[in-house]
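Reader: I've got the sequence and the model open. Can you walk me through a few spots in it?

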Amino acid sequence: MAGIELLSDQGYRLDGRRATELRKVQARMGVFAQADGSAYLEQGNTKALAVVYGPHEVRGPRAKSLHDRAVINCQYSMATFSTAERKRRPHGDRKSSEMSLHLKQTFEAAVLTQLYPRSQIDIYVKILQSDGGNYTACVNAATLAVVDAGIPMRDYVCACTAGFVDDTPLADLCHAEESGGGTSLSLALLPRSGQIALVQMDARIHQDHLDTLMEAAMTACKGVSRVLDGVVRQHLQEVSVLTA
Amino acid sequence: MAPSLRTLYVRPNSQSDKSSIPSQQPIGKHSSLLENMSPMKLCVPGERLCGVEDCIPGTGTYLRHGHIFASLAGYVLRKNEGEELPVISVVKETEAQLLPDVGAIVTCKVTSINPRFAKVHILYVGSTPLKDRFRGTIRREDVRATEKDKVETYKSFRPGDIVLAKVISLGDVQSNYLLTTAENELGVVVAHSEAGVQMVPISWCEMQCPRTHAKEFRKVARVQPEYLQA
C-alpha cells in the first residue's frame, strides 16, 4: 500500500516509538484557583485542560435535576489554534456534542453521584493542541480535575487509544496514525476493577483481531493509570507540605 | 464570636445492589485531628483500604464486595468512635462542597417575601460556608408550630434577615429546598430595622431598634445560652 508506513520493518512507528509504547504523559493538578478542581495534561503533543465546578445547585431549568443523584454536565471544546488549520467552530458542532456526551457517560459511571441529589457537577474540557487521542486526553485530564475538586469517585478513569496495523496492535495513536484510515479504538477504563466505562471504535477490523486490540488498549490504560496515580500522590504531598 | 455550631447528622443508607453508600458525616475543622496523628497514609480514589470486618466505612469511602475502597484523594483516618469497630474515612486538606441534607440546620438570608412563603438563599450548612448559594423556601405554615394559619410572613421575616432554619425536604421538580422555622431555636437571628441599625430581640415575636426604639415583628430564634457571649 502506497503512502506513509505506520509500522516499519524494524518495528518503529512514525515518531520512533515501539508498537506498544505510550507517549510521554505529563500532568499538573490545581492549575486554577477559581475553579473547584482543575488539571492540565499533555499526552505527547496533545494538550488538554480540564476544569470542574461543583457540586452546586442545578442551573437553568429545575426540571433537569434528578431527585436521587447529581447531574453531570460536560462541555468539550477545541481551541481555534489547536489544529493545523484554524478551527472555525470550536464548540457546538456535531463532533463536540458527541464528545461531550461521551464524557458525560464516562464520568457518570465513575463519580459517586448518589451522594449529591438535586445538584449539578460541571466538567469543562478544552483541547489546546490536538495530535490524536483528543477524547482520551480529555478523560485523563478530567479525572485529575475531579480528584482535585474532591468529588468522590469509584476509581480513576484512564483512557487510551489503540490501533491495528499488520496484525500488530499499536497503543496510543497520534494524529497521523488515526487519520491513516486504519482502525482506532478508544477505551476508557476503571483500572483497578478492570471495568470499562466507554469503548468506541472507528473503521472496521476483523472480529478475530478485536480481542488483541482490546487487550492492547487495556494494557495501555493501566500504564496511563500508573502515571496519573503518581501525579495525584505528588500533588497531595506538595499540598500537605504547604499547609502543614 | 460565638463558638461554631457543630451539627452531626446521618443520612439514611440508600441500599443499592452492589455498592452501598456510607453515611455522611461532615467534619468541621480537621486541623486539630491532623496534629495529634502520626504521619498518615495517602490514598487515591479506588484504593482498597481494608475489609468490612475490620472497620466501618466513613466519609470519602465506599463499600464494594465486602471491601472498603477510598473515593477521595487524601489522608486515611482511622478513629475509634466507641463502638466495636473503628471508623475509617478519607480526609482532604480543603473541604469539599457540602450539600444541605434533610434535618440539617442551615443559616440563610431572606431574599423576598410573599403572603404564602418566603424565599431564602442558603449560606451555611451547620458551620461550614457554602461556595455557592442554594435557594430555599419557607412556607407560611412552616414558620411556627402553633397557630399556623394565622401567620403573616410580613410579621415574621423581612428581606435581608439572617434566619436559622431546618431542612425538611430537598424539594421536588418544581420547588427548591423546603425549610422550616417551627421550633424555638429557629427563626430570625440578625435583622436590621428600617433605620438600618441591627435590632435587639425582646420576645419571641418582637425585636426593637436601639436607636429609634421602634418595635418590629419578627419570628425570633431563641439562641441557646451557651452560644451567647457574656
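Author: Let's start with a term: patches are made of residues with over 30% relative accessible area and no salt bridge, like charges being joined within 9 Å and nonpolar side chains (Val, Leu, Ile, Met, Phe, Trp, Tyr) within 5 Å. A salt bridge is a side-chain nitrogen of Lys or Arg within 4 Å of a carboxyl oxygen of Asp or Glu. This is a predicted model, where local features need pLDDT of at least 70, side-chain atom pairs count only at pLDDT 80 or more, and totals for chains, interfaces and linings use all residues. Residues are numbered from 1 along each chain as its sequence is written, chains are lettered from A and ligands numbered from 1 in the order written, and side-chain values use heavy atoms, with hydrogens and water left out.

Reader: Which residues gather in a patch of negative charge on the surface?

Author: Asp and Glu count as negative. The patch on the surface is made up of Glu5(A), Asp9(A), Asp166(A) and Asp167(A).

Reader: Is Asp9(A) buried or exposed?

Author: Asp9(A) sits in the segment before β1 (25–29) of chain A. Buried means under 20% relative accessible area, exposed over 50%, partly exposed in between (1.4 Å probe, protein chains only). With a relative accessible area of 73%, Asp9(A) is exposed.

Reader: Which residue of β6(B) does Arg64(B) stand opposite?

Author: Strands are DSSP runs (E, at least two residues), and two of them pair if DSSP finds at least two bridges. β5(B) and β6 (residues 67–70) of chain B pair in the antiparallel sense over four bridges. There, Arg64(B) faces His67(B).

Conventions. Accessible areas come from the Shrake-Rupley method with a 1.4 Å probe; for residues, only the protein chains shown count as cover. The place of a charge is taken as NZ of Lys, CZ of Arg, CG of Asp or CD of Glu.
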